[in-house]
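Hello,

Here is the structure for your files. My notes follow below it.

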Amino acid sequence: MGFLFIWRFKLGRVALFFYVYMAISDQIEQLIELPIESLGYELVGVEYIKNGQHTVLRIYIDSENGISIEDCERVSHQVSGILEVEDPISTAYSLEVSSPGFDRPLFKARDFERFVGSEAKISMKLPIQGRRNFKGILQGFDDGEILILVDGEEYALPLTKLAKARLVA
C-alpha cells in the first residue's frame with residue numbers, strides 16, 4: 001500500500017486540452033526530476049489530471065528503502081517551492097506526492113524493461129488492432145514500443161500512444 005501526501009495550491013487559469021496536460025506533466029517532470037534525485041529519490045512519474053473543476057498534480061517517488069509519509073512530505077515541500085517559482089500551472093490544483101504502491105504506474109521505457117515478466121494492465125489513447133485495453137505479461141520495450149503478451153499473442157504498443165499503465169498487484 002502506498003503513501004500519499006497532499007498539498008493544495010490556488011493559482012490562475014486552466015488549460016483545457018489533453019495534449020496541453022501532457023505538455024504540462026512533461027514540463028513539470030523536467031523541472032523536478034533533478035531536485036528529487038538530489039534528495040535521494042527516484043521520480044517514477046508525473047500525472048496531471050483535470051476532472052471538472054478539480055485538478056490534481058500527482059507525483060510518484062520511490063527509493064531502495066521504500067517510501068514513508070515523511071519522504072512524501074519532504075519531496076512535497078521541495079516540489080512546491082519549485083512550482084511556486086516556476087509557475088507552470090495556471091489554475092488551482094492539489095499536489096499529491098505518493099509512493100508507487102503495489103499496483104505501480106508505468107510511465108517510461110525503463111519501467112517496461114525493469115518489470116519484464118510482471119503482469120500489467122495497459123490502456124491506450126487509440127485502439128491498437130481493434131482494442132484499447134491490454135492485460136498480460138510484460139515482454140520488454142523495443143524501438144519505442146511496449147511489448148506485452150496477452151492470451152498467447154504478443155502486442156507491440158507505441159509508448160507515444162499510451163494512456164495509462166500499471167502493474168497488477
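In what order do the elements of the protein run from the N terminus on? The order is β-α-β-β-α-β-α-β-β-β-β-β. That comes to three helices and nine strands. Helices (H or I, at least four residues) and strands (E, at least two) are DSSP runs, numbered from the N terminus.

Please note the basis. This is a predicted model: local features need pLDDT of at least 70, side-chain atom pairs count only at pLDDT 80 or more, and totals for chains, interfaces and linings use all residues. Residues are numbered from 1 along each chain as its sequence is written, and side-chain values use heavy atoms, with hydrogens and water left out.

Overall figures: the protein has 169 residues, and 44% count as buried. Buried means under 20% relative accessible area (1.4 Å probe, protein chains only). For contacts (heavy atoms within 4.5 Å), take those with a separation of 6 or more: residues 24 or more positions apart account for 62% of them.

Two residues to look at:

L167 sits in strand β9 (residues 162-167). L167 has a relative accessible area of 11%, so it is buried. Its contacts beyond four places in sequence include F102, R104, F115 and L138.

R104 lies in the loop between β4 (93-98) and α3 (109-114). R104 counts as buried because its relative accessibility is 5%. Its side chain makes a polar contact with the side chain of D62, at 2.8 Å. Such a contact is a pair of N or O atoms within 3.5 Å; within protein, one must be able to donate a hydrogen and the other to accept it, and residues adjacent in sequence count only if both atoms are side-chain atoms. R104 also touches E42, V44 and L167, among others.

Best wishes

Definitions and conventions
Buried means under 20% relative accessible area, exposed over 50%, partly exposed in between (1.4 Å probe, protein chains only).
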